[in-house]
2 protein chains.
Amino acid sequence: MSQPPIRPSDGELAILRVLWSRGLSTVREVHDELLKDREMGYTTVLKLMQIMVEKGLVTRDESSRTHVYRASQGEERTQACLLNDLLQKAFEGSAKSLVVRALSEAQADAAELDEIQAFLDGLKARKP
Amino acid sequence: MSQPPIRPSDGELAILRVLWSRGLSTVREVHDELLKDREMGYTTVLKLMQIMVEKGLVTRDESSRTHVYRASQGEERTQACLLNDLLQKAFEGSAKSLVVRALSEAQADAAELDEIQAFLDGLKARKP
DNA sequence: TGACAACTACGAATTGGTTCGTAAACTGAG
DNA sequence: CTCAGTTTACGAACCAATTCGTAGTTGTCA
């Protein structure tokens with residue numbers, strides 16, 4: 001049931017973000033996208049993505065000369081893993097204190113607060 | 001105003017957790033506490049805590065032979081930093097989606113959900 | 001075809017985190 | 001006082017992440 005824990009590093013996460021938003025992508029496309037944020041060499045991205053293949057973070061289609069990459073886990077699944085990790089490491093497993101701290105820090109506007117509240121109501125309805 | 005971002009590593013965070021819960025502590029006390037979770041050498045903890053002094057993560061009182069350590073940042077401040085980091089790296093800065101994902105994953109019981117809701121109400125009251 | 005551009009593979013250097021052994025300084029009990 | 005135990009300091013090894021240079025291959029096009 002539970003898959004091996006996926007803990008992408010910062011660099012890996014940056015690449016995954018691109019793959020999640022763009023979908024199937026080549027190294028060049030990912031590199032171009034990352035360049036908007038910060039300077040980095042093409043082969044740096046290539047190497048990272050090759051390692052990510054070995055780790056199973058991404059898969060690639062090698063049928064054409066230019067390989068095409070895809071994130072092997074969905075964004076939500078990965079977000080959940082990272083949150084769970086932080087939850088254990090820094091919040092003693094208490095989701096409540098994590099959520100409260102997140103809400104305290106973030107400048108969520110009223111509309112967002114409403115959405116969160118609605119979501120919360122839905123949860124409570126499902127839990128008698 | 002904003003302090004330099006504090007990003008403790010996993011090992012450092014484990015030590016900070018002990019300092020937060022115990023308060024002023026010696027290396028031995030921290031080591032004993034960490035041993036409950038996993039095997040590790042005394043000098044490993046010592047070295048880590050020495051490095052943390054250099055980084056400013058902890059301060060120490062060297063007036064007695066056995067140094068006494070203290071976390072230099074409060075737990076909440078550090079939690080906020082870590083959450084903010086994750087927010088940017090994995091949630092595109094959207095606190096709402098972070099909170100929603102946390103609530104979806106966690107098995108918060110009804111009482112906890114109530115507390116969160118109360119907190120949310122408080123927030124909304126303060127934001128016209 | 002020949003040259004240039006794009007792409008992959010790979011090795012090497014660097015950095016940061018973690019681990020621990022050893023040595024030196026100090027403390028306290030006998 | 002002496003010695004065994006405790007503590008600090010420090011260096012070395014190791015691993016993972018990151019970065020990039022170089023080499024070799026493939027595709028394009030003039």
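Good morning. I begin with the surface near DNA strand C, where H3(B) gives the most, with six residues. Please bear in mind that what we see here is a predicted model.

Let me now widen the view to the whole of that surface. In total, 24 residues surround DNA strand C. The closest come from both chains: A:Arg28, A:Tyr42 and A:Arg65 on one side of the list, and B:Ser9 and B:Gly11 on the other.

For B:Ser9, an N or O atom in the side chain is 2.5 Å from a phosphate oxygen. For B:Gly41, a polar backbone atom is 2.9 Å from a phosphate oxygen. For B:Thr44, the side chain again supplies the N or O atom, at 3.0 Å from a phosphate oxygen.

As for the elements that give two or more residues to this surface, chain A provides helix H2 (27–35) and helix H3 (42–55), while chain B provides helix H1 (10–22) and helix H3 (42–55).

Finally, a word on the layout of chain A. Chain A is divided into domain 1, covering 10–71, and domain 2, covering 99–128. The C-alpha centres of these two domains of chain A lie 34 Å apart. Thank you for your attention.

Note on methods: Residues numbered from 1 in each chain as written. Chains lettered and ligands numbered in written order. Predicted model: local features only at pLDDT ≥ 70, side-chain atom pairs only at ≥ 80, totals over all residues. Heavy atoms only, no water. Near = heavy atom within 4 Å. Polar contact = N/O pair within 3.5 Å; in protein donor to acceptor, adjacent residues only side chain to side chain. Helix = DSSP H or I, 4+ residues; strand = E, 2+ residues; numbered from the N terminus. Domains from an automatic or database assignment.
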